[in-house]
Amino acid sequence: MPTAFWFQCGACGGDTMSLLGMETPTLVDLFEELKINMLWHPSLNCGGHLSYDALLQDLRQGRQPLDILLVEGFVINSSSPSGGFDTYKGEAKASILEELAARAGVVIAVGTCASFGGIGKLGSVEATGLQFFDKHPGGLLGESFRSQRGWPVINLPGCPVHPTVLKDMLFAVCGTNLPALNALQAPEDWFGVLVHQGCTRNEYHEFRVEDSDFGGPGCMFFHLGCRGPLTYSPCNKILWNNRNSKTNAGVPCFGCTQPAFPQEHAFFHTPNIIDVPLELPNGVDRAHYLAYKGMAAAAAPERLIKRKSRV
Ligand code: SF4
């Protein structure tokens, strides 16, 4: 029976909400099916501080084996002594985390903050991810860190993580093989596709039938800040709550799975030069893009233009 332990650092709790909101299967069914013994999760356990203290000591000293360490939130390093802005009983959580990670069979960074530093890395708390700071390997544990199973930290970015991604990773690590990871140590299966792929607004993007105000069916890349063509994430491959995605519902993708998230410029706005976005879809050459988009807009079929203006 694999044991799991959920450790919260600088977090809003969004990834916990994702975990609790798992639908198919439900979290309870998932734990039963995989026979996971969740030793502690702050929203699931009610043993109080005394049992938590004892468990933490047992884990740190190796008396309690730990198969899966799940970390939510960025690691805070600032203040004196180091890490003093985020402590448990006066001890920096960063140090506790280093000890737990060294003993764990596998370490999973749940969400963008734990993966890359996320929102915390913008502030003054010297926050970092577990094995990355932004897109740079290193983070708290260092580039060479390997868990007891010989694996690097598995990053599951997202603000929050998609529940299906978390569920699939739990299935994978309860088996024997490390799933294929990309250069950012995120599972290739889920983070090898762009949000743009599968968006219901794709045809509008293709012909540059765009929206400059919310509420229409057009593409939001050119004016409304959509980062779908720049963001690797399965949001339009596996819908949220099996029903919808942000872009399908008319909200631009904010690129929350990317290491640089959150961006420095305003959301809901695309920085442009003469009506052409400064950042183009991944891997696209500017000169070709300008020529192609100009022709595509001229070739836009009436049905798309009309459908857009009806809304
Ligand atoms: S709204 Fe965003 S994800 Fe959808 S087609 Fe436009 S750029 Fe792509």
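**Exercise 1. Which domains does the chain have, and how far apart are the C-alpha centres of domain 1 and domain 2?**

Step 1: The domain assignment gives domain 1 (3–188) and domain 2 (193–311); such bounds come from an automatic or database assignment. Residues are numbered from 1 along each chain as its sequence is written. Keep in mind that this is a predicted model, where local features need pLDDT of at least 70, side-chain atom pairs count only at pLDDT 80 or more, and totals for chains, interfaces and linings use all residues.

Step 2: The C-alpha centres of the two domains lie 32 Å apart.

Step 3: Now look at where they touch. 17 residues of domain 1 are in contact with 13 residues of domain 2 (contact: C-beta atoms, placed from the backbone, within 7 Å).

**Exercise 2. Find which residues of helix α4 (residues 93–103) are buried, and why they line one face of the helix.**

Step 1: Helices are DSSP runs of H or I with at least four residues, and strands are runs of E with at least two, numbered from the N terminus.

Step 2: Pick out Lys93, Ala94, Leu97 and Ala101, which are buried (20 or more other C-beta atoms within 10 Å of a residue's own; 12 or fewer is exposed, in between is partly exposed; C-beta atoms are placed from the backbone).

Step 3: Look down the axis of α4: the buried residues fall within an arc of 95 degrees, so they line one face. The arc uses directions from the helix axis to the C-beta atoms.

Step 4: Check the partners: these buried residues pack against several strands, including β1 (3–8), β3 (68–72) and β7 (106–110).

Notes: Two residues are in contact if their C-beta atoms, placed from the backbone, lie within 7 Å.
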